[in-house]
Amino acid sequence: MTLAIFDLDGTLLSGDSDYNWGQFLVEKGLVDVNVYKEANDKFFEQYQAGTLDIHEYLAFSLKPLTQFSKAERDSLHAEFMATKVRPMMQEEAHKLLKFHKDQGHFLLLITATNQFVTGPISEELGMDHIIAPVPEVINDEYTGKIVGVPSFQGGKVTRLNQWLEETGHSMEGSYFYSDSRNDLPLLELVDHPIAVDADPILTDIAKERGWPHISLRGNSM
């Protein structure tokens, strides 16, 4: 079964779910507003520049989850989906996913945004599987730590290779869609790398290498 692999933030979504989760917490007054917003903005700028320390960022982004019960987390995420995520969903992205699904391809989401934030988004998009940073949970409580390798930059390739070994899937004929320079290691691995509404660095690389560059920024759902 051919793999159709997708990045999430800035690719299938018109914005960044991780950044918007932070903004959501700020707007709800659930974190120290000034301190958290400043840090969230700083980390987002580092991500865009390709200089993000993923371990430092995950420690920051997972810490608030340690303060909530499972019921509170579920309620907050449902509100977050309604107010932040669904407005970022794109009609053209849904069409692209349907195109690959109709070809019998396996829809795989690989994201650097933690699985608490992205798991429900993946389900709503109809993905077959998601690879994301896995938060440590003990007795239904988040510890603020991460389990295993974060799927960021070269870590996406590491996690994908682990999954391929576990499942027996093949990279033959594989596609990968991404907007970010951070995904260059995985774009170089697949048979069909496709830049989507790409950042300036990836745009230049796609032009140099003759990779398709498409836009999904049509009407939002």
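# Close-up views of a predicted model

**View A. K28 is partly exposed, its relative accessible area being 38%.** The model shown in these views is predicted. K28 pairs with E79 in a salt bridge, and the closest N and O atoms of the two are 3.0 Å apart. This pair links distant parts of the chain, since K28 belongs to helix α2 and E79 to helix α5, 51 residues apart. E79 is also partly exposed, at a relative accessible area of 30%. In the whole structure, 14 salt bridges are found.

**View B. R73 is a buried arginine with no salt bridge.** R73 sits in helix α5, which covers residues 70-85. The nearest side chain of opposite charge belongs to E141, 4.2 Å away. Leaving aside residues up to four places away in sequence, R73 touches L65, F68, F116, D140, E141 and Y142.

**View C. E92 and K95 form a salt bridge, with N and O 3.3 Å apart.** Both residues are in helix α6 (residues 91-102); because they are three residues apart there, about one helical turn separates them. E92 is partly exposed at 29% relative accessibility. K95 is likewise partly exposed, with a relative accessible area of 45%.

**View D. K156 and D183 are joined by a salt bridge.** Their closest N and O atoms are 2.9 Å apart. The bridge links distant parts of the chain: K156 is in helix α8 (residues 154-167), while D183 is in the loop between β6 (175-178) and α9 (184-187), 27 residues apart. Both K156 and D183 are buried. Salt bridges with shared partners connect D7, K156 and D183 in one network.

**View E. The largest nonpolar core contains 47 residues.** F6, L12, W21, I121, L125 and M127 have the most contacts inside this core. Helix α4 (residues 54-62) supplies the largest share, five residues. A separate core of 22 residues lies apart from it and includes M171, L184, A195 and W211. L12 touches residues including F6, M88, L97, L109, L125 and M127, not counting residues up to four places away in sequence.

**View F. Helix α4 has six named buried positions: I54, Y57, L58, F60, S61 and L62.** The cover over the buried residues of α4 includes helices α2 (17-28) and α3 (33-49) and strands β4 (134-138) and β5 (141-147). At the start of α4, a side-chain oxygen of D53 comes within 3.1 Å of the backbone nitrogen of H55.

Terms used:
Residues are numbered from 1 along each chain as its sequence is written. This is a predicted model: local features need pLDDT of at least 70, side-chain atom pairs count only at pLDDT 80 or more; totals for chains, interfaces and linings use all residues. Side-chain values use heavy atoms; hydrogens and water are left out. Helices (H or I, at least four residues) and strands (E, at least two) are DSSP runs, numbered from the N terminus. Buried means under 20% relative accessible area, exposed over 50%, partly exposed in between (1.4 Å probe, protein chains only). Lys and Arg count as positive and Asp and Glu as negative; His and the chain ends are not counted. A salt bridge is a side-chain nitrogen of Lys or Arg within 4 Å of a carboxyl oxygen of Asp or Glu. Contact means heavy atoms within 4.5 Å. A nonpolar core is a set of buried Ala, Val, Leu, Ile, Met, Phe, Trp, Tyr and Cys residues joined through side-chain atoms within 4.5 Å. A polar contact is a pair of N or O atoms within 3.5 Å; within protein, one must be able to donate a hydrogen and the other to accept it, and residues adjacent in sequence count only if both atoms are side-chain atoms.
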